[in-house]
Amino acid sequence: MAAQLVIVLWLSVFLVFDVQISRSSNDSSTIADLDNPSILGEGTIYFNNPHLLNRQQGSMNGDGIKGFVANPTQNAGENQGLAVFNVAQQAKLMGMHLTEITNDELGINNMQAIFDSVPLVIPHSGDEEMLEEMSIRLSSKMKKYTQALQSTKVAVEGFYWRYLMGSSLPCCSLPDNWLRYNHHFLNKVSLDHSCDNGGAVYFNPSQNLTSTFEMNLKHNPNIKWQYLMTSEGLHVEYPAHVSACHADEREGYVRSLYPRRKSVAIVIDQGKSLSPIQLEMGKAVAKRLLSSLTHSDEVALISLAAEPHLPRVDTCHLHTFIAATHEAKFHLSRYIDSLVKTNESTNHTLGFVRALNMIRMRNNDSDDAIIAYISRGLLNSLTEARQVLATIAEKTRPNIIINTIVLIDEHKPIMYEKDFLRDVANQNFSKYSIPRPANARSQKGIMIVVNSATDIISVARKFYSVLDANVGANEIHFALPLRDTFGHGHVVSVTTPVVSRGQVIGVVGLDVDLADIVEDISYFDQSSRTYSFLVDECGVTVMHSALSHVSDVQMHTDIGHLENKNGFHLIRDDVLSSVSGREKLIAPFDDIFHDENVVNVTCAKRGNRLSSHGFIMCQHWKQIATIDASALFLSPAAFVSPFDYSSQEESKRTVQSYMAYLSDGTKLLANPGLKSPVRNEVSLAARIASRWKKQFASSDLTKYILRRYIATTSGVFLLHPGSLLDRSFDPAKRLWFTGAKRFPGQVFVSAPYLDVVGGGYIVTVSHTVYEGKVNSVHSNSDAVAAVMGIDFTLGYFYKFLVENIPVCSYDRIACFFMDDHGYLIAHPGLIEPNGKGPLEQQHITHKEPLVAHDILNHRGFVTKHVCNSYGDRTVQRFYHFNTSIDHVLTNLVHGEHCSKYHVAPIPGTNMFVGIVNQTCDIFTAFCPCSMVDRLCLNCHRMEQSECECPCECSLRMDLCDGQPTDQNPSCPNLPEETQLFDVDPTTLESLTQCFEPNCANRQTQSSCFGVVGCEWCQLDADGQTPLTQPFCTQQRRCFGGIFSARTPYADEIMEGLPYEDILTTKSTPVGPVAGGIMAAFIVLALAVYCYRHHVHRGSHLYVSTIADNAIRMSHLDEADELEAHDECLTGGQCNVMIVSMENAAVAESPYRVVNPGHGWRPPGSSDSDHGYSTMTPHEGSEYLLYSEPSGHSARNRPAIRAPPLLELGQTTVPSTRNILAPVQKSIKIFGYKITFVQV
């Protein structure tokens, strides 16, 4: 049966909560009134006040703590004046200040007025129309691929019956001068040749097929690899590329020729008769057979010595078969790897008894059942062979085939053992005078000899040859996504058997980029209340909104896991079995995961170069930019076909066609492939460009700002200073964008992250812009049209905190900002020059454990949540803080006698401000955090009142029923990586800085702190020795306040100090002894780095049938130069600037081609942190990959989305907080299904 694909669209209904926030204060309270809480102003905290500790000290037994110690630099009058501080009032003022910043620096009000001045009426298609359009596009693609496949099939059949013998061109010995790097294949290939592997065979049409392959690629440029796998073992590949002489067979061979459901019992010998080489070959054979199974197959694994043993992956596997899911194959593969040779003789009889008993207990006797018996075959006695055959005769059932794989050391033939295993495969009962069972299957098995790597590669093809091949059907099979082993990314294999006149020739296939198949699902953005997903005929997810485009497709996951809602299994069954239909579902409302409220499901089946244009070019850190204009960037989401835009090289002529269409006032020019709202959105967004240019030149905050930008929901992106962006950049997947949409109409502030362009650690402030209305009256239930953002330095936010709350600079006082998940935005620990690694994901549980411990006791304020991350099979634990509270929080549990804190929400934002007054040097409270990885210290329990750092546990799947053992909501989608556009360093260095911070002229810490590109240098290169005279210098010279420190950008300047008297002590010449010490230190540092590299290595983000190398730590618990303006960069991408567009439709645009060689990530950085944890692996900073430009999220996961809002005119929420869903719909295309979901 061919695979099926389903597209699903969910529509979301949001609930609106009107929260009235009120605060009271009483600034007239006196110190004498401290013990009377009814008199205190709410949010009032007392600093350096000995009376604060009267009660606590009464119970102390002379521990030497006398109370809060005043800052020695302050006089008594200053202390008295600062004794009382109203936190709530100051939080309100800071909220107003942040709102003013977004208005003044971004122009939020102006932008909203612009959108309101031209109300857009965008006709939104109904769910049926949307589904129909998506299905037609996907069906059209599928037909093209199947036509290409059929043409190859016809060519192969023609060559076969003409007995055409072609010349062989081994893939392992291709001439190097034939190969050229190809952007589409992301590898060095020869488009003029095919190559082959498999040695001397009778039928080899390799070179004769080249013309057919070339024609297919010409008519279908999105096709990647094309191939032929014959029954003789020949493997032909196009285009020709270097691979091993005995390359692995592609998995499509078995799936296409033998699509019936199979039950395979793998018995592997580990007795003492095996040599070490034979055991390793046996394990490789077992894993090879295991990898050939699909989700619809069943598997059992038995290791055999004196007694049979089964892996305890789940209780059901001790008695019967389990589904060959990704998890099952992963665990069974690990079990195979763990097998070692025993000192016991192999009891062949018991092995067959166990295998035959498990086959008898299967749920479906109609499936093909095969025993793979992997052994050397050495017998313990001359009578054992008869005993084994007698056992088989007694317990065999119909449809049971026994294939034996005999393990032989190379050049060491074994005679009698081969005879025994051949008799077993042939079920040669007559040889041993055993009556043949009446119900025995007449078809015999085969014996396969394995004594080399080539035999292991071809074992699956030979193993299944005993089954009836799919000779009667002309079926096309679409596989689940797999990693492209020869290029990059993920591909979908499309295969079909080649059978002519009853003769099995082989299988032809082609690989298609997964991004091409799922582009409509990945970039689907009809509204924030709608999303879609794609599944195959078994319900396995191909693409879902919880996955970030195609980069997160790692482990095949059932759609029921991602749509973890009560009653969804019924809809799932209907979607997979029905031709078309609509379904309703009532789901409980969840205030964290708003996509958990299913309302509608709709389903149906259906069989570089920056063009200056006179602007002055300058260097904006690691980018070519200009401050004379804003740059327009159209992301893939702005195009009708995002994949075509991303995959095809862009010329200057293409860019000119975009610009001509966007600026066409007559509306007569043809659309070059952009979505319909793009032209209007460009016209509106461009009107803010002149304001940003003026602000850059005149604002007092310019020295703290890296860039300003706006992104619309259709993929339009405008930024200033105008600079280059990677072509694959999607602003809608950034945290500042998704976070602002969670807090519509409010200021959203992200936690610090590393700027990809070189600006150091930054904080992004963003705000939504609503779709235009004539009356200009908006509410947070209105549709969001765009999000505006501005990047500040991390230092500015701490400066902002101290300037608004001056006491934060006093001794024993710690102030902080944190977001709604508890991640710190400003804190003394984030700006101290300690050199301890990245500052991302620093949580309040890390820096303020006393506060974290106590704050968990405030009911209704903080909640610990868990979610299942199916991309990496982890359970994520994280916090959610209630931003709608209307009071100030303070100590509730007086366990700590020397600490007083107040925490208040900052109105109109997602932030909280906290102030902590401490007198203890040693704290007795801490929050358990792993210092090695992100693994939770106790994965077996989670209490709301117990403090722990955000962490992860391994997500275990029950292999018996395929369900997760932890029934938690699915984690939200992941922010995506952003690549830095590669610019020629020579060209970049020849330009002046767009903003000159004049760091050397800033003589005080106050004037230096937070300025873009500047660092207040305080410590010597050892990170410990204070400088006698701190100074302000470039970030590259003193990153993090440590002189000559390594930067995350590997651009540090290591040189002598500018003044000899700056250092406290001077260096002495390095003599032989010191040189030896330094050498030893280097060796030790290298060893430590290698160890950390091993500990923090990231999992491979690709799909493999068996994830041998995808084990996480949590799982172990169980360049061309710049030329003339009329030319483009290599890859044909041009960038254009917007000057002023108040009266124009559009300006000009920066596009770039993706640099396939750029984007390497350090070990541990890919998936070691998912945005739910505080523990970022602290690798050597010089190896850290840069974050994204323009405030793109440095977290690997976004913050959890806000509660849903109820759409006007839709079903009201009943008192049980359930939502009544209108309908579901899906369409089947070549066996795949698209489904729409409305929540």
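**Disulfides and a covered helix**

A disulfide (a pair of cysteine sulfur atoms within 2.5 Å) joins Cys867 to Cys971, with an S to S distance of 2.0 Å. Cys867 sits in strand β38 (residues 862-869) and Cys971 in the loop between β43 (951-954) and α27 (985-989), so the bond ties together parts 104 residues apart in sequence. The link is right-handed, with 90° about the S-S bond. Cys867 is buried, at 0% relative accessible area, and Cys971 is buried too, at 3%. Here buried means under 20% relative accessible area, exposed over 50% and partly exposed in between (1.4 Å probe, protein chains only).

The model is a predicted one, where local features need pLDDT of at least 70, side-chain atom pairs count only at pLDDT 80 or more, and totals for chains, interfaces and linings use all residues. Residues are numbered from 1 along each chain as its sequence is written, and side-chain values use heavy atoms, leaving out hydrogens and water.

The structure holds 11 disulfides. Among them, Cys939 pairs with Cys953, the sulfur atoms 2.2 Å apart. The torsion about this S-S bond is about -95°, so the disulfide is left-handed. Cys939 is partly exposed at 25% relative accessibility, while Cys953 counts as buried at 5%.

Turning to helix α12 (residues 416-426), its buried residues are Glu417, Phe420, Leu421, Asp423, Val424 and Ala425. Helices (H or I, at least four residues) and strands (E, at least two) are DSSP runs, numbered from the N terminus. The cover over the buried residues of α12 includes α10 (348-360), β13 (368-375) and α11 (384-395). Just past α12, Gln427 takes a positive phi of about 50°.

Definitions and conventions: Contact = heavy atoms within 4.5 Å.
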